[in-house]
Amino acid sequence: MNVDYQLTEQAFIDAGVTDFPALYSQLRQTELFDKFETGLITRETFIPALQKAAATPVTEVQVLKAWDAMLQDFPIRRLQILQQLRLYYDLFLLSNTNELHEEAFNGILMRSHGIPNIGVFFDKVYFSHRIGLRKPGREIFELVLGENGLKPSETLFIDDSPQHIAGAKELGIQTIYLEKGMTIEDNIFKSKE
């Protein structure tokens, strides 16, 4: 999925949460976001906490719209690549996410491609808010490796956050860091022309 963290940051700033960049970014976040991404708190706690952080009154709808602003689209070529890879490899999705974003990105996938959820492209999905662990923690990588009988040296982990790549490398997992501007379709799994 295309994700643009700046869109969420700007949406919260526009809604009155002027210090949002200090609360949350791709590289770091406060305890509130950690707890939400590991399922320790629910939307019923998360949304009011963000409303309280605003300098001016913010509605629940404004919070939801701002929080989901980063979630863009699922390019069809990426979905096709996943379908093709799954014919030959075991595929797992390991994502730091939360209940609101899971609901939102599955909705985007359904509206844009008629696919009910991202899980159809993977053998197993690991969402941080469902398993209580987050990347780059060692435990989450060990869980995926252990549950699926994977050898780190024969496992490839692709991610767009350097701290997550570093966490995987510590366990000997092969990695590809998707730097800003890189995509799997243009830079990793290129079509033969």
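Modeller: What covers the buried residues of helix 6 includes helix 7 (99-113) and helix 11 (184-188). Cover here means contact, that is, heavy atoms within 4.5 Å. Helices (H or I, at least four residues) and strands (E, at least two) are DSSP runs, numbered from the N terminus. Buried means under 20% relative accessible area, exposed over 50%, and partly exposed in between (1.4 Å probe, protein chains only).

A word on the source comes next. This is a predicted model, where local features need pLDDT of at least 70, side-chain atom pairs count only at pLDDT 80 or more, and totals for chains, interfaces and linings use all residues. Residues are numbered from 1 along each chain as its sequence is written, and side-chain values use heavy atoms, leaving out hydrogens and water.

Now the helix itself. Helix 6 spans residues 76-86, and its buried residues are Arg 78, Leu 79, Ile 81, Leu 82 and Leu 85. They sit on the same side of helix 6, because they cover an arc of only 155 degrees around the axis. That arc is taken from the directions that run from the helix axis to the C-beta atoms.

Look at Arg 78. Its relative accessible area is 12%, so Arg 78 is buried. Arg 78 has a salt-bridge partner, Glu 185, with the closest N and O atoms 2.7 Å apart. Arg 78 belongs to helix 6 and Glu 185 to helix 11, so the pair ties together parts that are 107 residues apart in sequence. A salt bridge is a side-chain nitrogen of Lys or Arg within 4 Å of a carboxyl oxygen of Asp or Glu. Glu 185 is buried too, because its relative accessible area is 15%.

The whole structure holds 12 of them. Glu 147 and Lys 124 form one, at 2.7 Å from N to O. This pair also links distant parts of the chain: Glu 147 is in helix 9, Lys 124 is in strand 2 (residues 124-127), and they are 23 residues apart. Glu 147 has 44% relative accessibility, so it counts as partly exposed. Lys 124 is also partly exposed, because its value is 34%. Glu 154 and Lys 151 make another bridge, with their closest N and O atoms 4.0 Å apart. Glu 154 is exposed, because its relative accessible area is 63%. Lys 151 counts as exposed at 51%.

Ile 158 lies in strand 3. Ile 158 touches Ile 176, Leu 178, Ile 184, Ile 188 and Phe 189, leaving aside residues up to four places away in sequence. Its relative accessibility is 28%, so Ile 158 counts as partly exposed. The C-alpha atoms of Ile 158 and Leu 94 are 9.7 Å apart, while the two residues are 64 apart in sequence. Thr 155 counts as buried at 16% relative accessibility.

Back to helix 7. It also packs against helix 5 (residues 60-68): the axes come within 10 Å and cross at roughly 70 degrees. Helix 5 and helix 7 are therefore roughly perpendicular, a term for angles of 65 to 115 degrees. Axes are lines fitted to C-alpha atoms, for helices over the stretch in contact, and angles run from 0 to 180 degrees between N-to-C directions. Leu 64, Trp 67 and Asp 68 of helix 5 meet Leu 100, His 101 and Ala 104 of helix 7.

Helix 4 (residues 43-53) meets helix 7 as well, with axes within 10 Å and a crossing of roughly 100 degrees. That makes helix 4 roughly perpendicular to helix 7. Arg 43, Phe 46 and Ile 47 of helix 4 touch Glu 99, Leu 100 and Glu 103 of helix 7.

Helix 4 has a buried side of its own. Phe 46, Ile 47 and Leu 50 are buried there. They line one face of helix 4, because they fall within an arc of 95 degrees seen down the axis. The face turned away from that side carries the exposed residues Glu 44 and Lys 52. Cover for the buried residues of helix 4 includes helix 1 (5-15), helix 2 (20-23), helix 3 (31-37), helix 5 and helix 7.

Methods. Angles under 35 degrees count as roughly parallel, over 145 as roughly antiparallel, 65 to 115 as roughly perpendicular and the rest as oblique.
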